Amino acid sequence: MGCINLLIFFIYLFSLSNLLIIQHTTAQPDYVYRFCLGSNYTTNSTFQKNLDILLPSLSSANPSIIRNGYYNATAGRNPDTVYGSLQCRGDISSEDCQSCAETAAKGITTKERCPISKQAIILYDVCMLRYSDEYYFNIMQDTPGVYLANVNNVTDPNEFNPILGDLMRDLVSKAISSGSLNFATGDARFGDFRRVYGLVQCTVDIPSSDCNRCLIGAISDLPICCDGKQGGRVIRPSCNLRYEINPFVESSVNPSPPPLSPRRVTPSPPPSSVTTPSPNPKKSSKVAIIIAIPSVIGVLSAITFFWFFCFRGKKHKTRKLDGKQRQLKYTQNPAA
């Protein structure tokens, strides 16, 4: 019975450890939008080689040099210099920031994103990665931009819109008074039992006065893009804001809000082929299968191990005893 209990305990620990691995591995940042700007570079050019050096430096930066989720770097010399930056959302851990940076650095130059653009911005739910052939550090830029609106409407927009406006303006005040963080989140009550949650953020490299100007301009776009909607975003190179009627910051345990439908602000509306990104079920299934196979093999190996040393040992002992009994019988009855 001791072997059986030990076997069950071992399998439990093994299964628990693999469950934790699955939960950690499948937590991937959600792609939101991308801007492909400027002219195109030539494959295998000096610019591309510099870009290939820059992107890994952004995704593997030591957390000790990332200031408030922000980091920038430069690669190469003129006329092929590449400038790049990373800005993570202010409420996430350094581990999640680095994970998002790695995903963004790998995804920004793919065929589906910006394969040969000399200027590009890619936004995930918790980070934004950017590179350019032009110097842009410490410069506030409010174009190009994009609106993303929740597909659902609130029941009473006349009550909801003023409350939302007051919340977002209050968050802007908190963000610009937060020192160099340029980030704030909060919520406000509307209706009898509902709340609206908001987030504002500017890149850390711009001063608070420019952050204020960028965010106030973004708030002024809310009636255009998201009037009466349950959620919305305004995204600009130097700042972005978001609101939802469900919590969406890192501490949230509620289900994610419904998907947002993107609409390009400048320089022109996006083509009709642009659709709201959704999680990739095939990718998630592949991760689960890759982890599940070693888990099954490990459990079967554990069962075999304990069977051999516990139950096989008992059988071996029994056979030895039977052998002695037979030998004793042969000794006592030599004529047999």
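A polar contact is taken here as a pair of N or O atoms within 3.5 Å, where, within protein, one atom must be able to donate a hydrogen and the other to accept it. The model is a predicted one, and such a contact can be described for Arg236: a polar atom of the Arg236 side chain lies 3.3 Å from the backbone oxygen of Cys214. Arg236 sits in the loop between β9 (231-235) and β10 (239-244). Once its neighbours within four places in sequence are set aside, Arg236 is in contact with Gln141, Asp142, Pro144, Cys214, Gly217, Ala218 and Asp221.

**The chain as a whole**

The secondary structure of the chain consists of seven helices and eleven strands, and 39% of its 336 residues count as buried. Among contacts with a separation of 6 or more, 69% are made by residues 24 or more positions apart. The accessible surface of the chain comes to about 18,800 Å², and carbon and sulfur atoms account for 57% of that surface.

| Residue | Relative accessibility | Class |
|---|---|---|
| Arg236 | 11% | buried |
| Asn50 | 10% | buried |
| Ile224 | 53% | exposed |

Asn50 is part of helix α2, which covers residues 46-59. Leaving out neighbours within four places in sequence, the residues in contact with Asn50 are Ala75, Gly76, Arg77, Asp80 and Val82. With 14 residues, α2 should span 20 Å at 1.5 Å a residue, and the 21 Å between its end C-alpha atoms agrees with this expectation. The buried residues of α2 are Phe47, Gln48, Asn50, Leu51, Leu54, Leu55, Leu58 and Ser59. Viewed down the helix axis, these buried residues of α2 fall within an arc of 155°, so they line one face of the helix. The face turned away from that buried side carries Lys49 and Ile53, which are exposed. The elements that cover the buried residues of α2 include β2 (70-75), β3 (82-88), α3 (94-107), β4 (117-124) and β5 (127-132).

**The nonpolar cores**

Which members of the largest nonpolar core touch the most other members? In this core of 31 residues, they are Phe160, Met168, Val196, Val200, Leu222, Leu241 and Tyr243. At least two residues of the core come from each of β6 (145-150), α4 (157-176), β7 (183-190), β8 (194-202), α5 (208-220), α6 (222-226) and β10. Helix α4 gives the most to this core, with seven residues. Leu222, apart from its neighbours within four places in sequence, is in contact with Leu164, Met168, Asp227, Val234, Leu241 and Tyr243.

Conventions: Residues are numbered from 1 along each chain as its sequence is written. This is a predicted model: local features need pLDDT of at least 70, side-chain atom pairs count only at pLDDT 80 or more; totals for chains, interfaces and linings use all residues. Side-chain values use heavy atoms; hydrogens and water are left out. Helices (H or I, at least four residues) and strands (E, at least two) are DSSP runs, numbered from the N terminus. Buried means under 20% relative accessible area, exposed over 50%, partly exposed in between (1.4 Å probe, protein chains only). Contact means heavy atoms within 4.5 Å. Accessible areas come from the Shrake-Rupley method with a 1.4 Å probe; for residues, only the protein chains shown count as cover. The expected span of a helix is 1.5 Å times one less than its number of residues. The arc is that of the directions from the helix axis to the C-beta atoms. A nonpolar core is a set of buried Ala, Val, Leu, Ile, Met, Phe, Trp, Tyr and Cys residues joined through side-chain atoms within 4.5 Å.
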